Amino acid sequence: MADIIQLLPDHVANQIAAGEVVQRPASVVKELLENAIDADASIIKLIIKDAGKTLVQVIDNGKGMSTTDARLSFERHATSKIRTADDLFHLNTKGFRGEALASIAAIAHVELKTKQEQDEVGNSIVIEGSTIVSQEVVVTPKGTSISVKNLFYNIPARRNFLKSNTVELRHVFDEFHRVALAHPSISFALYNNGSESFNLPISNYRQRIVNIFGNKTNEKLVPVEEETEVLNISGFVGKPEYAKKTRGEQYFFVNDRFIKSPYLNHAICSAFEGLLKSGNHPSYFLNLTVDPQTIDINIHPTKTEIKFDDEHTLYALLRSAVKHSLGQFNIAPVLDFERDANLDTPYNFGNKESNTPVIEVDRSYNPFKENNYTAVKQTPTFKKQSTSNWDSLYVGLESKGTKTDHDFSEVHFESEETTISAFGDDNKIEQTKTTYQLHNKYIVSTIKSGMLVIDQHRAHQRILYEDFLKNLTIKEGVSQQLLFPLELHFSSQEIQIINQLKEDLEHTGFVFSNVTNETIEITGVPVTVPESEVSIILEQLISDVENEVPDTHFSATDLLAKSMSKSLAIKAGQSLQKDEQEHLVNKLFACKEPNVSPTNRTTFITMSVDELDKKFI
Ligand code: ADP
Ligand code: MG
């Protein structure tokens, strides 16, 4: 039989490729705007007619193209943006596949005018259905103008498939907004059928959002800012009361590229949990900056989907950052208290030393004064490096939201005289450091505003939990060598669970010398873990995993930290020395979330003198 396989002619191949890249006028808008950004333009104009069906034109003041490049730009796989496949992991440009112009030219009438700064004259190319109609020298300003006319003129089926102008125009606006939002440092304008629809000057991000969505938007925005080792998050979320029934304003960018990610959208929405009426969707404008090496953009021709190396971590970070902002901006005054410590990321522990926490202390902060917020703003905050962070109790009180009319200055404690110097080098807060242990269960202490009662078990759990999370994250758990290896027996199913968690356990300080089907041999344990406790801890851990079945890596580490802190925390009934009590209090208030145990139970309560007074009436 004769051979039947043939290579497709270029124009056919381009048409097929166009099917992937260009679905509608809005796709052309996206590709052309992105090319203009990649060409370092600072002013970009978009002109459309009939919702882009008749014309999509983008004019930029970018670097333009040489004569040869202008011609080559319409070839398939012709790109100036990458050279090797390796470059895919260092991408700083929007484009890299070199197929947009080739695809567009296969299904429309295209006219290109371009000039580089140093050239006297520029080039004009007219191309129709992949065929060059003309190429000539023209007088044109620096930059590039590309007109795409009569989209799908040669593929009637696809042209008929286009929706009404209203629908297509909405898609065009959507694309325009996405690109413009990602680049507030570029000026954009959009002209629709001869009239100006948007004129967006160079501005900051907030202003850009307001310029697109209207002045009213300004009051709805809550800033989100989070810098971690893994990624930076910046942008805004809409206040919950402005949430809408439709998923309108949800913009998520990764390295300045608009991305669709139902998974991360879920992370953001879940941070709003309890704050929205059911069926309402929050608005958000969030930018993630990550190392390009940790993402893969090349999984879809339109590049709106992306693969992250570690999606679970991003989920947790994003959720926690949004939650934190909502709490901080008092959108959810109780959030601080209810904050889900499980997902409160340990990642920004970074290189911090756990025993020298930096606590922001506002010495004039008075939790019992009505106008806390102004008081906080007007007074300088003090940074104090010490393990005696009792002053941070005020911070704790703040987040409890305890407010009464009581004026703090009227309370005369014996320690009052030391208030001024209490934060100096001499650190005279000894007098307030009195602690008592109540029923071997609670630690009671005086604080400036009244008294403090700490649940010793829960407090210790919180301290250990944060320590373990930190070790799991920075992978530097300190290990103590056992004199003799410890051999423990488990069922093969239990061994499986240990194996799943082995790496994380090692990060906390465990050293496994041998793991067989039924035994594990341990030669090192975390310094905080007594040898006698090892088997109890592992058993507890296995049962916790069996009961909670974590399905993500993140929740597995979290579960491990929770389980170990639960096993190791001092129990009720254990008597503590004075210095142990003090140490516990100090460590607790050096925690990120001293208010609650890892399982969200209250760790301490306070009672103001005022409240006590009332009891004696
Ligand atoms: P890609 O953007 O993936 O490289 P395109 O087909 O979109 O592929 O563009 C091909 C090439 O044409 C680009 O790599 C770039 O060098 C050049 N080019 C396209 N648009 C412009 C523009 N507006 N200004 C300058 N150069 C451009
Ligand atoms: Mg491109």
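## Helix α14

In this predicted model, helix α14 covers residues 492–508, and its 17 residues reach 23 Å from the first C-alpha to the last, which is close to the 24 Å expected at 1.5 Å a residue. After α14 comes Gly509, whose phi is positive, near 125°.

The buried residues of α14 are Ile495, Ile497, Ile498, Leu501, Asp504, Leu505, His507 and Thr508. An α-helix has 3.6 residues a turn, so residues three or four places apart point the same way. That spacing can be followed through Ile497, Leu501 and Leu505, which are among the buried residues of α14.

## Aromatic pairs

With ring centres required to lie within 6.5 Å, the count comes to 13 aromatic pairs. In one pair, the rings of Phe176 and Phe198 have their centres 5.7 Å apart and their planes at 35°, so this pair is tilted. Phe176 lies in helix α6 (residues 165–182) and Phe198 in strand β8 (residues 195–200), so the contact ties together parts that are 22 residues apart in sequence.

Both partners count as buried because their relative accessible areas fall under 20%: the value is 0% for Phe176 and 12% for Phe198.

Phe213, Tyr251, Phe253, Phe258 and Phe285 together form one aromatic cluster.

Terms used: Residues are numbered from 1 along each chain as its sequence is written. Chains are lettered from A and ligands numbered from 1 in the order in which they are written. This is a predicted model: local features need pLDDT of at least 70, side-chain atom pairs count only at pLDDT 80 or more; totals for chains, interfaces and linings use all residues. Side-chain values use heavy atoms; hydrogens and water are left out. Helices (H or I, at least four residues) and strands (E, at least two) are DSSP runs, numbered from the N terminus. The expected span of a helix is 1.5 Å times one less than its number of residues. Buried means under 20% relative accessible area, exposed over 50%, partly exposed in between (1.4 Å probe, protein chains only). Rings of Phe, Tyr and Trp (its six-membered ring) pair if their centres lie within 6.5 Å; planes under 30 degrees apart count as stacked, over 60 as edge-to-face and the rest as tilted.
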